[in-house]
Amino acid sequence: MQPSAAFAHALNDSIGVLPLWSWAAVTAALVLFLLALPFAGFATFIERRVAAFFQDRLGPNRVGPEGILQFPADAVKMLAKEDFIPAGADRFLFNLAPLLVVVGALSAFAVLPLGRALIGADLNIGVVYVLAVTTLIPPGILLGSWASQNKWSLLGGLRAAAQIVSYEIAVALALVPPILVSGSLQVSTIVDAQGWAWGAENAANYHFWNLFYNPFTFVSAFVFFIAGLAETNRIPFDLPEAESELVSGFNTEFSGMRFGLYALGEFGDVFVMCAMFTALYLGGWQVPFVNLETFWIALPALVIALIHLTMFMAKTLSLVFIVMWLRWTLPRLRVDQLMGLCWKGLVPIALFNVVGTAIWMWVFHGQSLPQLLAKAFSG
Amino acid sequence: METGFINAFWYILISAAVVPLMLGVGALLRPKQKSKGAEAMAYECGEEPVGSAWVQFNIRFYVVAIVFIIFDVEMAAFFPVAITYKDAVMNGNVALVFGEIFLFVGLLVIGLLYCWVRGDLEWVKGLMPTSTRGRG
């Protein structure tokens with residue numbers, strides 16, 4: 001294993017010249033401006049195209065080949081709009097709200113493991129860091145909705161706050177089984193442990209994806225995904241926006257680039273949710289059944305980094321597609337059903353999974369189901 | 001070993017800079033005049049807003065917030081126990097750590113059942129006791 005997996009260290013080792021802290025700043029800017037912002041813009045376009053195909057129509061296909069230049073056009077349009085603040089609004093909080101939402105969603109990109117050497121900051125409390133910074137989003141939504149002096153906004157904002165904090169408990173509990181399994185809060189350690197491959201040495205040291213570790217983690221993954229959908233205000237949990245009842249919910253009074261910032265925060269949060277699901281349950285950057293670190297040919301570091309990045313993005317973007325798919329498949333929940341699903345459904349199931357995983361590890365001495373099966377079949 | 005908190009700090013700093021950057025670029029491109037009068041009114045489907053939007057709201061939101069705080073603090077205390085569990089499984093004293101995990105989960109279950117029985121998890125909490133409902 002390399003001394004440090006952080007992206008900044010890798011750049012510093014290969015290029016040098018500047019002090020380490022400046023490489024940290026460069027990598028942060030690279031990840032945010034080349035991954036987070038383009039993803040958010042591109043996701044709005046893809047979402048419209050996907051929606052169109054689900055509804056048997058074409059969708060935006062005029063700007064550029066297949067409409068691919070739609071999102072730069074949209075960005076320019078939003079930049080050229082008037083910077084609207086409604087009369088009677090609390091101007092300071094109205095300005096502060098998008099800042100909290102964007103910081104909450106984008107600063108979580110720091111710990112996303114894009115590859116073994118492509119982690120912005122490999123914090124030893126990575127999982128808790130993601131939970132901590134994304135907690136900035138509900139106060140941002142609540143403040144913005146309250147500050148806009150609009151009754152639809154206030155209702156949407158209150159619903160958002162109640163919904164996000166409730167589902168935060170389910171998300172945090174669903175994070176515990178992978179933490180129990182790998183004994184660490186560091187995202188790279190959690191991903192490393194999932195690199196199961198053929199060969200006796202690999203089979204003993206690594207287990208397969210946490211999704212298949214045991215039946216409890218399998219259920220826990222679904223709890224995490226459902227609660228993550230609610231955390232990011234996606235359909236079927238988009239009650240804070242609910243356009244059929246609340247106009248546009250918490251962002252009714254936000255137009256132009258301010259609305260764009262909310263959209264950026266939302267899609268950034270969707271990416272973070274899907275990326276954390278990939279890292280914790282789908283083996284992150286690991287190629288299934290092949291462990292590149294113990295591969296029989298020593299590959300160059302750059303090739304490994306590219307394969308890792310491709311695997312990670314493929315898994316994460318598939319999940320993003322599932323999120324969009326669900327949007328056009330499921331109807332919206334009622335607010336009492338929403339709270340019931342969280343507190344009476346997901347939280348008890350998640351607590352059961354925690355105890356179940358702990359008992360499994362005790363009984364089978366920390367071995368996963370694939371390891372036990374492999375042992376059983378090899379005699 | 002450098003733990004990377006400085007790197008994480010850069011992410012927070014740069015993502016905070018994105019907001020003024022975008023609004024600043026917009027300020028160079030967009031028209032200078034501001035909406036006045038009815039245009040600047042809050043959008044409530046074309047009706048003139050009646051009264052302030054800063055009104056009293058349902059007490060249920062406070063209850064949810066209080067339940068969240070209690071559970072979240074409990075969760076924060078739960079993570080340190082969770083990371084020591086694998087080590088305990090490998091090195092023998094698993095009963096002690098499992099007992100602690102069971103204690104934490106047990107406390108959460110008791111708290112959850114208490115809220116459930118009290119009816120705090122119902123979104124629309126009836127004003128009357130359930131036994132008298134539907135007789136009048």
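Q: At what angle do helix α4 of chain A and helix α1 of chain B pack, and how far apart are their axes?
A: This is a predicted model. Helix α4 (residues 91–106) of chain A and helix α1 (residues 5–29) of chain B pack at about 140°, and their axes are 8 Å apart.

Q: What does that make the orientation of α4(A) and α1(B) to each other?
A: Angles over 145 degrees count as roughly antiparallel, and 65 to 115 as roughly perpendicular. α4(A) and α1(B) are therefore oblique to each other. Their crossing is right-handed.

Q: Which residues make the contact?
A: From α4(A) come A:P98, A:L99, A:V102, A:V103 and A:L106, and from α1(B) come B:I12, B:S15, B:A16, B:V18 and B:V19. By class, nine are nonpolar, one is polar and none is charged.

Q: Now helix α10 of chain A: what span should its 17 residues have?
A: The expected span is 1.5 Å times one less than the number of residues. For α10(A), residues 215–231, that should be 24 Å, and the end C-alpha atoms are 24 Å apart, which agrees.

Q: How many residues of α10(A) are buried?
A: A residue counts as buried if 20 or more other C-beta atoms lie within 10 Å of its own. Twelve of the 17 residues of α10(A) are buried, so this helix is largely enclosed by the rest of the structure. Among them are A:F216, A:F224, A:G228 and A:E231.

Q: Which helices do the buried residues of α10(A) pack against?
A: They pack against α7 (151–182), α12 (257–281), α13 (301–327) and α14 (335–363) of chain A.

Q: What follows α10(A)?
A: A:N233 follows α10(A), and its phi is positive, near 60°.

Methods
Residues are numbered from 1 along each chain as its sequence is written. Chains are lettered from A and ligands numbered from 1 in the order in which they are written. This is a predicted model: local features need pLDDT of at least 70, side-chain atom pairs count only at pLDDT 80 or more; totals for chains, interfaces and linings use all residues. Axes are lines fitted to C-alpha atoms, for helices over the stretch in contact, and angles run from 0 to 180 degrees between N-to-C directions. Helices (H or I, at least four residues) and strands (E, at least two) are DSSP runs, numbered from the N terminus. Angles under 35 degrees count as roughly parallel, over 145 as roughly antiparallel, 65 to 115 as roughly perpendicular and the rest as oblique. A crossing is left-handed if the near helix is turned anticlockwise from the far one by less than a right angle, and right-handed if clockwise. Two residues are in contact if their C-beta atoms, placed from the backbone, lie within 7 Å. Ala, Val, Leu, Ile, Met, Phe, Trp, Tyr, Cys and Pro count as nonpolar, Asp, Glu, Lys and Arg as charged, and the others, Gly among them, as polar.
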